[in-house]
Amino acid sequence: MSGGVEWALHCCVVLTSVDEPAPAARLAQLHDVSPSYLAKQLQALSSAGLIRSVQGKAGGYILARSSGSITVLDVVEAVDGPSPAFVCTEIRQRGPLATPAEACTAPCAIARTMAGAEQAWREALRSVSIADLARDVGSSNPGALAGISTWLRQA
């Protein structure tokens with residue numbers, strides 16, 4: 001998973017705390033990340049329909065859907081794509097003791113294990129929403145999101 005996923009998740013949680021669009025430059029400053037790097041993540045979230053850009057002097061980004069309807073998996077797939085983390089290359093069919101292709105009618109134990117782990121991982125990420133993350137942030141650090149919201153509005 002790329003580092004961009006972390007930044008994208010943080011931005012989505014931050015956007016739960018604002019009523020007005022949050023400027024990309026302020027989001028980058030808040031997270032101490034390069035504006036051009038963060039812009040790529042924001043563009044990916046926007047293309048996926050998770051956030052939307054608002055143009056104009058008071059422009060920036062807002063959530064495009066309710067925070068309860070955006071899952072962590074939605075953000076991961078927006079930034080990194082939907083491809084599986086593990087791709088079987090049928091290594092068992094290579095080398096001096098290669099298994100013949102016709103004998104490989106089912107995935108091997110490694111591929112089955114990795115597919116099961118992938119499925120469990122995706123289900124776990126699908127079960128947590130941005131609203132859930134924001135609640136957790138509020139529980140572990142009361143006032144953090146309100147403070148961030150105030151900070152973002154300052155010019």
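A: Let's start with a word we'll need all the time: two residues are in contact when they have heavy atoms within 4.5 Å. Keep in mind, too, that what you're looking at is a predicted model.

Now find helix α3, which covers residues 35-47, and pick out Gln41 in it. If you skip the neighbours within four places in sequence, Gln41 is in contact with Gly4, Ala8 and Val79. Is Gln41 buried or exposed? Buried counts as under 20% relative accessible area, and Gln41 is buried because its value is 8%.

Next, look at Leu45, and again leave out residues up to four places away in sequence. Leu45 touches Ala8, Cys12, Leu50, Ile51, Val75, Ala78 and Val79. So Ala8 and Val79 turn up as partners of Gln41 and also of Leu45, because contact is judged for both by heavy atoms within 4.5 Å. There's a handy bit of background here: an α-helix has 3.6 residues a turn, so residues three or four places apart point the same way.

On to the packing itself. Two packed helices are described by the angle between their axes and the distance between the axes. For α3 and α4, the angle is about 115 degrees and the axes are 8 Å apart. The crossing of this pair is right-handed. On the α3 side, the contact is made by Gln41, Ala44 and Leu45, while α4 brings Val75, Ala78 and Val79. Sort the residues of this contact by type and you get five nonpolar, one polar and no charged.

What covers them? Just after α4 comes Gly81, with a positive phi of about 90 degrees.

Apart from neighbours within four places in sequence, Thr71 is in contact with Leu125, Arg126, Val128 and Ser129.

Leu27 takes us to α2. In that helix, Arg26, Leu27, Ala28 and His31 are buried. These buried residues pack against α1, α3 and α7, so α3 has α2 as a neighbour too, because packing here rests on heavy atoms within 4.5 Å. Just after α2, Asp32 takes a positive phi of about 50 degrees.

One last stop: the cysteines. A disulfide needs two cysteine sulfur atoms within 2.5 Å, and the count here comes to zero disulfides. Take Cys104: the nearest cysteine sulfur is that of Cys108, 8.3 Å away. Cys104 is buried, with a relative accessible area of 14%. For Cys108, the nearest cysteine sulfur is that of Cys88, 5.1 Å away, and Cys108 is in no disulfide either.

Conventions
Residues numbered from 1 in each chain as written. Predicted model: local features only at pLDDT ≥ 70, side-chain atom pairs only at ≥ 80, totals over all residues. Heavy atoms only, no water. Helix = DSSP H or I, 4+ residues; strand = E, 2+ residues; numbered from the N terminus. Buried < 20%, exposed > 50% of the residue type's maximum accessible area, 1.4 Å probe, protein only. Axes fitted to C-alpha atoms, helices over the stretch in contact; angles between N-to-C directions. Left-handed = near helix turned anticlockwise from the far one by under 90°. Nonpolar A, V, L, I, M, F, W, Y, C, P; charged D, E, K, R; others polar.
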